[in-house]
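Please look over the sequence and the model shown here before reading on. The briefing that follows begins with a term and then moves through the fold, the helix packing and selected residues.

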Amino acid sequence: MAKRQWSEREQRLIQWGLVGLLLLLIGGIHLLDPTFYATVWRLSQTGDFQGTMEYLRSFGVWGILVSFLIDVIINIVGFLPSIFLSTANGLVFGIVPGIIISWLGETVGVLISFWLMRTLFRDMAKRVIEKNRMLTKLDSYSTLGTMALARALPYSPNGLVTALGALSHISYRDYIIGCLIGKLPSVAIEVIVGHDIVHAGEHRLRLTIVVTLVAVIYGGIWWWHRRQGEATQTEEEHK
């Protein structure tokens, strides 16, 4: 049985319908807590993980959902840092739950941001790339593996990677899988390192091991990627 092809008008209606649902969700959050967005902005700008911990704990059992929503919003915006929240999640909910909450929140956020940039804000995505002088690297972000690697880098600029993906030829399927795979190690590193820095007296050995492993693994990946680039350049010069 042949699949039904959506017309351009139907696709636009679906897109704007989803945007409407997103706006309803954003507005609903504001109605429930008018201070929510101002608080998230202040905490992200100051990097106040202690204040974030107190804020999450003030919601009791709903703190997990609130943390998830904050992570989603931060990653939709793209330019706000999330390390303060990853650290707070590890300290408030524990390392493993903190990793899961941060992983899911960040992944959902970059997926929504990708969809918005690809369907509605392509010009904005292009300006982000041009501003960072990475337009020449656009084609390299068209594969699942490259996207997973880009997302696996801890403390990487989410907005820039999302913009590169949105303007590349990567499929939605590969982008989703790449983000799910790549976000897990990067978030795990952020949560563990943030948690252990705060409790350095108790977890100094683990912190040292994690930092050393991260330096070795990511240093090796950088070296390999550089060698691949040099080899490709050499091949092109000899053509």
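A residue is called buried when its relative accessible area is under 20%, exposed when that area is over 50%, and partly exposed in between, with a 1.4 Å probe and protein chains only. By that definition Met117 is buried, with a relative accessible area of 6%. This is a predicted model, in which local features need pLDDT of at least 70 and side-chain atom pairs count only at pLDDT 80 or more, while totals for chains, interfaces and linings use all residues. Residues are numbered from 1 along each chain as its sequence is written, and side-chain values use heavy atoms, with hydrogens and water left out.

**Overall fold**

- The chain holds eleven helices and zero strands, where helices (H or I, at least four residues) and strands (E, at least two) are DSSP runs numbered from the N terminus.
- Of the 239 residues in the chain, 41% are buried.
- Contact means heavy atoms within 4.5 Å, and among the contacts in the chain with a separation of 6 or more, 76% are between residues 24 or more positions apart.

**Helix α4**

- The expected span of a helix is 1.5 Å times one less than its number of residues; for the 15 residues of α4 (residues 63-77) this gives 21 Å, and the end C-alpha atoms are 21 Å apart, which agrees.
- The buried residues of α4 are Gly63, Val66, Ser67, Ile70, Asp71, Val72, Ile73, Ile74 and Asn75.
- Just after α4, Gly78 takes a positive phi of about 95°.

**Helix packing**

- For the pairs below, axes are lines fitted to C-alpha atoms, for helices over the stretch in contact, and angles run from 0 to 180 degrees between N-to-C directions.
- Angles under 35 degrees count as roughly parallel, over 145 as roughly antiparallel, 65 to 115 as roughly perpendicular and the rest as oblique.
- A crossing is left-handed if the near helix is turned anticlockwise from the far one by less than a right angle, and right-handed if clockwise.
- Helix α5 (residues 83-93) packs on α10 at an angle of about 70°, with the two axes 8 Å apart, and α5 and α10 are therefore roughly perpendicular to each other.
- The crossing of α5 and α10 is right-handed, and in it Ile83, Ser86, Thr87, Gly90 and Leu91 of α5 meet Glu190, Val191, Gly194, His195 and Val198 of α10.
- The axes of helix α8 (residues 144-152) and α10 come within 7 Å and cross at roughly 30°, so that α8 and α10 are roughly parallel to each other.
- On the α8 side this contact is made by Leu144, Met147, Ala148, Arg151 and Ala152, and on the α10 side by residues including Asp174, Gly178, Lys183 and Ser186; the crossing of α8 and α10 is right-handed.
- Helix α3 (residues 49-57) and α5 have axes that come within 9 Å and cross at roughly 55°, which makes α3 oblique to α5.
- The crossing of α3 and α5 is also right-handed, and Phe49, Thr52, Met53, Leu56 and Arg57 of α3 meet α5 residues including Phe84, Leu85, Ala88 and Val92.

**Salt bridges**

- A salt bridge is a side-chain nitrogen of Lys or Arg within 4 Å of a carboxyl oxygen of Asp or Glu, and a search of the whole structure finds two.
- In one of them the side chains of Lys183 and Glu106 meet at 2.7 Å, N to O, and the pair links distant parts of the chain, with Lys183 in helix α10 (residues 172-198) and Glu106 in helix α6 (residues 95-119), 77 residues apart.
- Both Lys183 and Glu106 are buried.
- The side chains of Arg173 and Asp174 meet in a salt bridge at 2.8 Å, N to O; Arg173 is exposed, with a relative accessible area of 57%, whereas Asp174, at 19% relative accessibility, counts as buried.

**Selected residues**

- Met117 lies in helix α6 and, leaving aside its neighbours within four places in sequence, is in contact with Arg122, Met124, Ala125, Gly159, Thr162, Ala163 and Ala166.
- The C-alpha atoms of Met117 and Ile76 are separated by 9.9 Å, and the two residues are 41 residues apart along the chain.
- His199 has its place in the loop between α10 and α11 (200-237) and is partly exposed, with a relative accessible area of 29%.
- The C-alpha atoms of His199 and Leu91 are separated by 9.3 Å, although these residues are 108 residues apart along the chain.
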